[in-house]
Amino acid sequence: MEAQNIDGKLGERHAPLTKLVLAALRERILSGALAPGERLVEGRLSEELGVSRMPVREALRALAAEGIVAIEPRRGATVTTFTKEQIQEMVEVRATLEALNAKLAARRHDPVQIAKLERILAEGSQLTSDDDLARISALNLDFHEALGNVAANSVLQEIMRSLRERTALFFTVNNRERMHANWQEHAAILRAVVAGDAELAALLAARHVYSAAELPPSSLPATPAPTPTPRESA
């Protein structure tokens with residue numbers, strides 16, 4: 001998902017306000033500008049964005065339905081926080097699905113989509129720790145979204161898009177520290193996809209998720225035993 005430019009007052013633009021507010025708040029949350037547990041006060045947000053409270057309220061409800069905002073009686077809206085157990089569960093599911101995503105991409109590696117992945121990889125590899133965290137986070141999401149386009153499974157892509165946004169709430173904290181490691185891992189996944197090595201691509205994608213979450217080594221998938229046919233045909 002590409003980051004939205006939210007400079008200026010949204011109320012001055014000519015588009016459905018709720019969609020603009022939704023995109024602006026989602027970008028701020030996924031980039032870490034609004035941290036887990038932070039209160040999302042309608043009045044303050046409406047003033048910052050230059051809109052009335054109604055589109056802010058509707059956007060917060062939509063984000064709550066997506067699972068990245070929590071709305072509680074008397075407390076209002078906050079950026080969702082997760083327990084260690086919930087994080088572990090989401091990482092396990094995302095690692096499994098990212099492995100399937102990479103496996104399908106290796107089998108179906110469309111040259112046009114691969115070229116887009118290579119462009120994102122080249123841009124991401126040039127990032128530095130001085131870059132804006134929103135850009136770092138957006139490019140990470142862009143890479144995985146583009147990999148999903150190569151996999152060409154719309155059902156999986158829809159599930160993964162929602163899961164990536166929720167896991168971004170705790171992955172973003174590590175994005176700057178793991179920036180170079182992230183893109184080295186992305187490059188290795190892409191090499192396996194281009195080579196048509198579905199099993200290796202799946203293994204690397206799963207390990208990437210566990211590493212990005214900084215879970216203990218015991219959580220990482222084991223390296224599969226060598227087989228007479230290490231590569232699956234495209």
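Mentor: Two strands pair if DSSP finds at least two bridges between them. Helices (H or I, at least four residues) and strands (E, at least two) are DSSP runs, numbered from the N terminus. This is a predicted model, where local features need pLDDT of at least 70, side-chain atom pairs count only at pLDDT 80 or more, and totals for chains, interfaces and linings use all residues. Residues are numbered from 1 along each chain as its sequence is written, and side-chain values use heavy atoms, with hydrogens and water left out.

Trainee: What makes β1 and strand β3 a pair?
Mentor: β1 is joined to β3 (residues 76–79) by 2 bridges, and the two run antiparallel. The definition asks for at least two bridges, so they pair. Arg39 stands opposite Thr78 in β3.

Trainee: Why are β1 and β2 called edges?
Mentor: The open sheet has 3 strands in the order β1-β3-β2, with antiparallel pairing. β1 (39–40) and β2 (69–72) each have a single partner strand, so one side of each lacks a neighbour in the sheet.

Trainee: Why is α2 called roughly perpendicular to α3?
Mentor: The axes of α2 (residues 42–49) and α3 (residues 53–66) come within 9 Å and cross at roughly 115°. Roughly perpendicular covers 65 to 115 degrees (under 35 is roughly parallel, over 145 roughly antiparallel, the rest oblique), so α2 is roughly perpendicular to α3.

Trainee: Which residues make the contact?
Mentor: With contact meaning heavy atoms within 4.5 Å, Glu42, Gly43, Leu45 and Ser46 of α2 meet Arg53, Val56, Arg57 and Leu60 of α3.

How values were computed
Axes are lines fitted to C-alpha atoms, for helices over the stretch in contact, and angles run from 0 to 180 degrees between N-to-C directions.
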